[in-house]
Protein chains: 2
Amino acid sequence: MNRANQFVQYFLAHRNVTVELINKIEKEYYDYKPTPTSMPAKDLVTHMLFTFYKFAKVAKSGNPALFREKIEETETDLQKLAEAYTEKTKSLLESLTDEDFDRMLDLTQIFGAQLSVAQFLQSAMDHEIHHKGQLFVYVRGMGHTELPLFIKRG
Amino acid sequence: MNRANQFVQYFLAHRNVTVELINKIEKEYYDYKPTPTSMPAKDLVTHMLFTFYKFAKVAKSGNPALFREKIEETETDLQKLAEAYTEKTKSLLESLTDEDFDRMLDLTQIFGAQLSVAQFLQSAMDHEIHHKGQLFVYVRGMGHTELPLFIKRG
């Protein structure tokens with residue numbers, strides 16, 4: 001298996017759980033937040049979907065400026081957004097070559113460091129897992145108790 | 001930098017944030033939970049600390065059975081526990097050789113798969129990051145608003 005396929009497998013082991021949680025969020029809970037200072041559910045979900053997509057765009061293009069680009073999106077249904085952005089992100093990741101993973105990215109402006117694409121994409125995973133952990137609390141707060149494990153291997 | 005030192009740096013970039021959050025939890029909040037079906041704060045914290053320590057013990061010894069061992073612990077102060085288990089875990093991780101990271105572990109009983117020590121320790125990180133994400137929500141629920149970023153590099 002090449003590095004892209006290995007990484008996509010790792011991505012989906014977590015992203016599929018994210019999507020499973022998103023699919024539990026009814027429209028009337030889009031503004032739910034578990035604490036007064038938390039992000040509303042819909043903001044947390046779009047932040048997760050857009051951020052990983054931007055990580056993948058930067059990894060593919062080598063242009064860190066894309067990280068700061070604002071995504072204009074008219075779709076507001078979270079399930080549809082999850083499906084569309086997971087697909088777009090997966091396609092970008094699949095298109096990476098083994099050599100791409102060793103390319104260095106100058107992220108001193110964003111992360112204060114130079115990172116290889118492999119390290120940069122690990123940060124994308126860390127970010128996804130961090131917010132997915134929070135999403136579990138949100139979904140519990142909405143009354144759900146039948147929840148998946150935090151990772152689903154192949 | 002050898003692989004152990006690289007990994008310890010990655011571990012601490014997240015664990016130091018975990019500890020910063022734990023240090024915000026006053027004793028009267030040890031039983032706090034953000035939703036009725038969530039774990040109490042003290043259980044979440046000890047679960048995180050004990051689990052990573054067990055991951056490190058299995059990585060070092062090559063014996064997956066240690067993962068199921070129950071940890072007997074009389075200390076109940078979460079700050080002291082965090083300090084002690086972070087130190088014990090760090091020492092174990094530092095003692096790994098570059099070759100140790102490529103050793104295969106038979107985890108079919110626990111994870112349904114064979115994993116290299118490197119992959120196994122990545123799962124330990126994923127687990128830490130997942131629950132740390134939840135801990136952020138807990139600490140917000142306790143009224144804290146001055147919170148660190150989810151990762152602190154070097």
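This is a predicted model: local features need pLDDT of at least 70, side-chain atom pairs count only at pLDDT 80 or more; totals for chains, interfaces and linings use all residues.
Let me start with a term: a polar contact is a pair of N or O atoms within 3.5 Å; within protein, one must be able to donate a hydrogen and the other to accept it, and residues adjacent in sequence count only if both atoms are side-chain atoms. With that rule, 12 residue pairs are in polar contact across the interface of chain A and chain B, both residues at pLDDT 80 or more.

Residues are numbered from 1 along each chain as its sequence is written, chains are lettered from A and ligands numbered from 1 in the order in which they are written, and side-chain values use heavy atoms, with hydrogens and water left out.

So, how is chain A superposed on chain B? A rotation of 180° does it, with 0.0 Å of shift along its axis and an RMSD of 0.0 Å. The two copies are thus related as by a two-fold rotation axis. The superposition is by least squares on the C-alpha atoms of residues with pLDDT of at least 70 in both copies.

Let's look at where they meet. Chain A brings 24 residues to the contact and chain B brings 24 residues, where contact means heavy atoms within 4.5 Å. The copies meet through the same surface, because 100% of the interface residues of chain A are also interface residues in chain B. About 2,100 Å² is buried between the chains, and carbon and sulfur atoms give 63% of that. Buried area here is the accessible area (1.4 Å probe) that two parts lose on being put together, summed over both. In chain A, the residues that lose the most area to chain B are His130(A), Phe150(A) and Arg153(A), together 26% of what that side buries.

Which elements give two or more residues to chain A's side? They are α1 (3–22) and α4 (117–141) of chain A, and α4(A) gives the most, with 12 residues. Helices are DSSP runs (H or I, at least four residues), and strands are too (E, at least two), numbered from the N terminus.

On to charges. Side chains of opposite charge can pair when their charged atoms come close.

Lys152(A) lies in the segment after α4 of chain A and Glu20(A) in helix α1 of chain A, so the pair ties together parts that are 132 residues apart in sequence. Lys152(A) is partly exposed at 40% relative accessible area, and Glu20(A) is partly exposed at 29%. For these words, buried means under 20% relative accessible area, exposed over 50%, and partly exposed in between (1.4 Å probe, protein chains only).

Is Thr89(B) buried or exposed? Thr89(B) is buried, at 0% relative accessibility. A polar atom of the Thr89(B) side chain lies 2.6 Å from the backbone oxygen of Tyr85(B). Leaving aside neighbours within four places in sequence, Thr89(B) is in contact with Phe11(B), Phe52(B), Tyr53(B) and Ala56(B).
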